[in-house]
Amino acid sequence: MSDAITAEGLVKKYGDVTALDELSFRVPQGTVLALLGPNGAGKTTTVRVLTTLLRPDGGRATVAGYDVVSDARRLRAHIGLSGQYAAVDEHLTGAENLEMVGRLYHLGAKRSRSRARELLERFDLADAADRPVKGYSGGMRRRIDLAGALVADPPVLFLDEPTTGLDPRARAALWDTLSELVAAGSTLLLTTQYMEEADHLANQIMVVDHGRAIARGTADELKDQVGGNRIELTVTDATELETARQSLAWVAVGAMRTAPESLQITVPVTDGPEALREVLGRLAEAGVRVRDAGLRRPTLDDVYLTLTGHQASGTDERAREATR
Ligand SMILES: Nc1ncnc2c1ncn2[C@@H]1O[C@H](COP(=O)(O)OP(=O)(O)OP(=O)(O)O)[C@@H](O)[C@H]1O
Ligand SMILES: [Mg+2]
């Protein structure tokens with residue numbers, strides 16, 4: 001299988017900020033790479049370098065076989081891009097925006113029009129097709145921008161946080177669309193703050209921080225790498241959270257995570273069943289009323305937290321709803 005995207009030692013600096021610090025990776029054709037990382041990690045910079053919007057200060061990269069610097073013009077004909085912030089013409093209607101993209105890709109007037117209608121339908125925008133985009137909601141703008149990235153059926157797609165701001169239904173619909181495109185041979189590089197999205201779509205995940213890859217692999221490989229079990233405990237009352245934390249501290253082998261709104265605490269442990277027994281004993285002694293307690297394997301959230309020290313900033317609840 002050939003590589004649709006290659007990056008070797010990419011460097012990008014903004015003054016004294018090193019946004020990309022010798023980043024290397026490859027994305028085989030027909031697969032999905034998800035870039036995960038906290039704010040400022042270098043995800044958007046990576047996308048901008050690979051889509052020729054930014055020139056790297058070092059290293060080299062190719063997309064669809066074209067060099068991002070020396071072959072930038074030809075490269076652009078083979079990619080679709082939806083940036084972190086929607087780039088649409090406010091004064092044009094949804095349909096006109098998509099037709100314009102078609103014309104830029106030399107699809108011809110007729111084909112551009114039919115392609116626009118097809119995508120408006122697919123992105124649930126048919127009813128708004130003839131309204132100027134300036135009257136669109138945030139989620140509608142996002143969708144028209146995503147549709148724009150697909151107009152020319154490009155073999156390589158770059159989507160920077162594609163589902164941020166989408167409601168669960170729109171998110172699920174986009175996931176389906178992307179899965180179909182990849183099944184048909186497209187290559188996708190996406191950035192996301194939603195672990196669920198990476199778990200669902202990506203063949204490979206790369207976690208970046210400070211412009212460097214700090215982990216990479218399939219979702220399962222990353223979960224195995226973090227290893228161990230988690231105790232997940234829910235108490236009945238917020239006033240009991242602190243006592244519960246003290247009991248859990250006895251068995252914790254890593255950072256404890258508390259979600260006060262759901263009265264839930266999660267902690268990594270080594271000997272799962274034994275640790276759970278011990279904790280339940282201590283909680284009973286302390287008079288803490290436990291609503292729910294159990295052992296589970298690490299999730300991608302745990303991987304991310306362990307690797308970066310940051311909790312994923314996306315509300316995964318919304319992503320979860322989208323898959324129900
Ligand atoms: N135009 C710019 N001028 C100066 N610094 C910049 C510029 N663009 C990005 N940076 C810096 O480069 C680093 C990487 O930024 P980048 O936008 O690639 O991060 P990101 O991973 O996309 O973050 P986010 O999750 O917030 O979108 C950050 O430290 C950022 O402040
Ligand atoms: Mg970004």
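Predicted model: local features only at pLDDT ≥ 70, side-chain atom pairs only at ≥ 80, totals over all residues.
1. On confidence, the protein chain has an average pLDDT of 91, and 95% of the residues score at least 70. Residues 314-324, however, have a pLDDT below 50, although in the model this stretch has 25 contacts beyond near neighbours in sequence; I would ask that these contacts be read together with that score.

2. On the shell around ligand 1, 14 residues surround the ligand, and the closest are Gly40, Lys43, Thr44, Thr45 and Gln84. In terms of secondary structure, strand S2 (17-28) and helix H1 (43-50) each supply at least two residues of this shell, and H1 gives the most, with 3 residues.

3. On polar contacts with ligand 1, each of the following pairs involves an oxygen atom of the ligand: a polar side-chain atom of Thr44 lies 2.8 Å from such an atom, a backbone N or O atom of Gly42 lies 2.9 Å from one, and a polar side-chain atom of Asn39 lies 3.0 Å from one. As for cover, the protein takes up 62% of the 640 Å² of accessible area that ligand 1 has on its own.

4. On charges over rings, Arg282 lies over the face of Trp250, at 3.8 Å from the ring centre, while the charged end of Lys12 sits over the ring of Tyr14, 5.9 Å from its centre.

Note on methods: Residues numbered from 1 in each chain as written. Chains lettered and ligands numbered in written order. Heavy atoms only, no water. Lys NZ or Arg CZ within 6 Å of the ring centre and 35° of its normal. pLDDT = per-residue confidence, 0-100. Contact = heavy atoms within 4.5 Å. Near = heavy atom within 4 Å. Polar contact = N/O pair within 3.5 Å; in protein donor to acceptor, adjacent residues only side chain to side chain. Areas by Shrake-Rupley, 256 points an atom, 1.4 Å probe, with all protein chains shown as cover. Helix = DSSP H or I, 4+ residues; strand = E, 2+ residues; numbered from the N terminus.
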